[in-house]
Amino acid sequence: MAAQLRLSALAAAQYRVGFWTEGVLAVFWSLVGIVPLWVAIDHRGAVVGWGPWELMVLTGCFAALSSVFGAFLQPALIESMNHIRRGTLDHVLLRPADSLLLCLVAAFSPWRLLELVFGLVLIALSLARLGVTPELASVGVALGMGLASVACLYGLGILTLCLSFRAMQLQNLTYLFEALLDFSRWPIGVFRGLLKALFTFVIPLAVMTTYPAAALIGRADVTTLASALLTGAALLVVARLCWQVAVRGYTSASS
Amino acid sequence: MAEPAVQVEGLGKRFEVAERGAGLRAALRALVHRRVRVVEAVRELSFALAPGERVGLLGPNGAGKTTTLKILAGLLYPSRGQVRVAGFTPHLRKYEFLRSISLVMGHKRQLSWDLPAVDTFELNRVIYDIDASAYRRRLDDFVERLGLASIMFKPVRQLSLGERMKCELVAALLHEPSILFLDEPTLGMDVSMQLAIRAFVREYNEERGATIVLTSHYMQDVSALCPRILVINDGALRFDGTIEALTRTIRPLRRVSVRAESFPEDAALADWGRVIERAGDRLVLDVEPERVPEVVSRLVGLPDSRELLVREAPLEEVLRELFARPDDADEARP
Amino acid sequence: MSARHQLRALAALWRLGFAEASAYRVALFVWILTSTFPLISLALWAGIARDAPVGDFTQRDFVAYFVGAFLIRQLTSSWVVWDLERQIATGELSALLLRPIHPLLHHLMTNLAALPLRAALAAPLAIAVLVAAGGLQIAPSSLELLVLPLALVGAWLINFSVQLIIGSLAFWITSSSALYELWMTCYVVLSGYAVPTSLLPAGMTTAVRYLPFHAALGFPVELLIGRLSPAELLTGFAVQCCWVVALALAAGWTWRRGARVYGAVGA
């Protein structure tokens, strides 16, 4: 597994364009994406109880998550979908390791990790501005939230992959996923009614960025942590089951 | 002779290729500085083809065959030299020029992937401004010859490689081009499909007097279709003439094989010709052309002599030998 | 080639493009779902504006604005940048170059041909959102309805030309679509896609209105929902016209230069 990752990292480093097209572009997008938040702050002073620097902590969490998505999950999904389309998934299924894990490390874009660095720096800066020195306990809670967040991300990613077994044309779903992820820049409180339910329970954007950010600024309790971890675990289990069903229905493409 | 269908003089084509060293350091250095290497795909090429000829372009990988073909079809701009095809300068891509040629590539397609081939045929009918009745007539003719009746209504992605190539050929020939370029048309196909495509191309050439220029890795394609061959290596012309002429220049010896109960000693055989293979009841000799009748009569006289065969060396071997000695290139020119 | 023949060829290309779009309808629908971004922005901003207007936008205004943005985005987008990048990298472009009709006309028609299907798939979504958000309160004047198609054509041409320019860069560089992502990043915030440009800080709003991004989306949206004064309308058209001409010329130039170097990648 580690060997596979090292190989794709080396491959990616060979392409100088990756530095500009993946790394720098992603950081740029993280920055530019702040504009709508800034407009809201400009007119309102705060968004559903989140002040400017608190929103920056959230933005940092978003950048970190988006980096994990862009560096690990998205390239692996796209590569695996290509395997499915060309019928070369056979090679993956034949290898003596768990097929789902192999699919999830099928490709790696190291340059996207620049965005992670950016996110962490942003979080540190914003916390300093807020005058918050995170206690050990809240760091622990935040780490737990981060874990739940990544679990949700991967659960959804695996579900997307499973869907693409059913119809090749559903491969665009990765982009839909990416587009939706963008709304996790906003605290979940801005959404109401159906969308709030959707983004809390079905596509848990709340667990993915709002909760970790809330934990960092000391607004989360152990109950939220428990529910977040539960959501993440449940999504992973469901995704795993779907994967088993999907692989059973895999008909190796003939051409 | 009328104006040549294809006239090439002093053609050259160079590409710039970006280079990158191995390892992380080189990759980082390449972030700011890009190294470029110039590749001469075609160095110096001159030849002329008469209308109605069938000509094979031969050469090892990277010899410049495909590049030449693409320049002739107007896809690439030549770096130097003069090219005239059907009386036009190809890279200007005049409407009349494009209507009088076609290029079929074994690994590329013009057919729309998710639609039936007949939709692309219909598009070409309008784009090439083909008269409706002529279109009907040609399509029916092609469909019958290639057996496409049911195939052409299926989405292209569901077709086999051979079926797809048949449809590609039809799409390329509906406007009845007077010059047809074929780049590896039988790539990856089974033998019966190769035969069908070969026969179809030959009939098209004979019935409409079209010029055919073919590149192929399958020597059988070339030797069965093309009376004349151009051998290209390293971007330059190494030979121009018939296959027989090439064989006689490179490998003048005839290859004689026979089976018999027993053969004379090696020393005696060496007097007849060069021994290529001697195993059990089988003997293969390379013999000077003028001594063939004499050697054959002796071989026939051997005990239980059978399966006597005299032929020229196979094209593959001739070419391998031609490419293996780059220094006496001029010797091969007739 | 005669004008009549040219027209018939365009019609044939359109038919082919329409047939292709129908074959890809599922992918097209997922793609439309992907571009529901404005509809979620709608929920978000309508939420923020629930208690009091944001700038001069009430909750209702946001609904009208973002539904308009969604529809206009659907009607003015193309995908020639990805087609070109792929065709240049794999050499598929050769097949188009061999046909006696300009490859750009081919792209133009196939992109246009998908529009009716796109509109048909997107309209129900827009209507559903409007119903859920409690109806629409816009009454565009007849003049505005009359000039809206013009603004749409202009917006479409700007998007198409930019994609052509960036797509043609694939003749020289390997990942031109990444450059397009850079363009899209700016587009999202500067065109009024994520937030109406009039809500940006005052100085910025004025500057942003002269950029091609706004001309390609914000301008037709504001025209549709009747937020433009006659003077602003005229300025908008003038800016849009300038960008269409400049970008179309640049696209033609890039394409011609690129076609000369085509083939270095094993076309």
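Mentor: Ala, Val, Leu, Ile, Met, Phe, Trp, Tyr, Cys and Pro count as nonpolar, Asp, Glu, Lys and Arg as charged, and the others as polar. Keep in mind that this is a predicted model.

Trainee: By class, what does the lining of the second largest cavity have?

Mentor: The second largest cavity holds about 110 Å³ of space. Its lining counts 14 residues, and A:Pro36, A:Asp182, A:Trp186, C:Phe37 and C:Ala194 lie nearest its centre. Sorted by class, the lining has ten nonpolar, two polar and two charged residues.

Trainee: Which element gives the largest share of the lining of the second largest cavity?

Mentor: Two elements give two or more residues to the lining of the second largest cavity: helix H3 (37-48) and helix H10 (176-190), both of chain C. The largest share is four residues, and the element is H3(C).

Trainee: Now the largest cavity. Which element supplies the largest share of its lining?

Mentor: The largest cavity has a volume of about 150 Å³. Strand E5 (101-105) and helix H6 (161-173) of chain B, and helix H6 (93-98) of chain C, each supply at least two lining residues. With five residues, the largest share comes from E5(B).

Trainee: Is B:Arg138 buried or exposed?

Mentor: Buried means under 20% relative accessible area. B:Arg138 has 14%, so the residue is buried.

Trainee: How far apart are the closest N and O atoms of B:Arg145 and B:Asp141?

Mentor: Both residues lie in helix H5 of chain B, four residues apart, or about one helical turn. B:Arg145 is partly exposed at 33% relative accessibility, and B:Asp141 is partly exposed at 22%. They form a salt bridge, with the closest N and O atoms at 2.9 Å.

Trainee: In the pair C:Arg86 and C:Asp83, what is the relative accessible area of C:Asp83?

Mentor: C:Arg86 and C:Asp83 form a salt bridge, their closest N and O atoms 3.4 Å apart. Both sit in helix H5 (residues 80-90) of chain C, three residues apart. C:Arg86 is partly exposed at 38%. C:Asp83 is buried, at 15%.

Trainee: Which residues do salt bridges that share partners join into one network?

Mentor: Over all chains, the structure holds 41 salt bridges. Shared partners link some of them into one network: B:Arg138, B:Asp141, B:Arg145, B:Glu176, B:Glu203, B:Glu207 and B:Arg208.

Conventions: Residues numbered from 1 in each chain as written. Chains lettered and ligands numbered in written order. Predicted model: local features only at pLDDT ≥ 70, side-chain atom pairs only at ≥ 80, totals over all residues. Heavy atoms only, no water. 1 Å grid on protein atoms, 1.4 Å probe; cavity = no way out; pocket = protein on both sides within 12 Å on 5 of 7 lines; lining within 4 Å. Points joined across faces, edges and corners; volume = space filled by probe spheres on them. Salt bridge = Lys/Arg side-chain N within 4 Å of Asp/Glu carboxyl O. Buried < 20%, exposed > 50% of the residue type's maximum accessible area, 1.4 Å probe, protein only.
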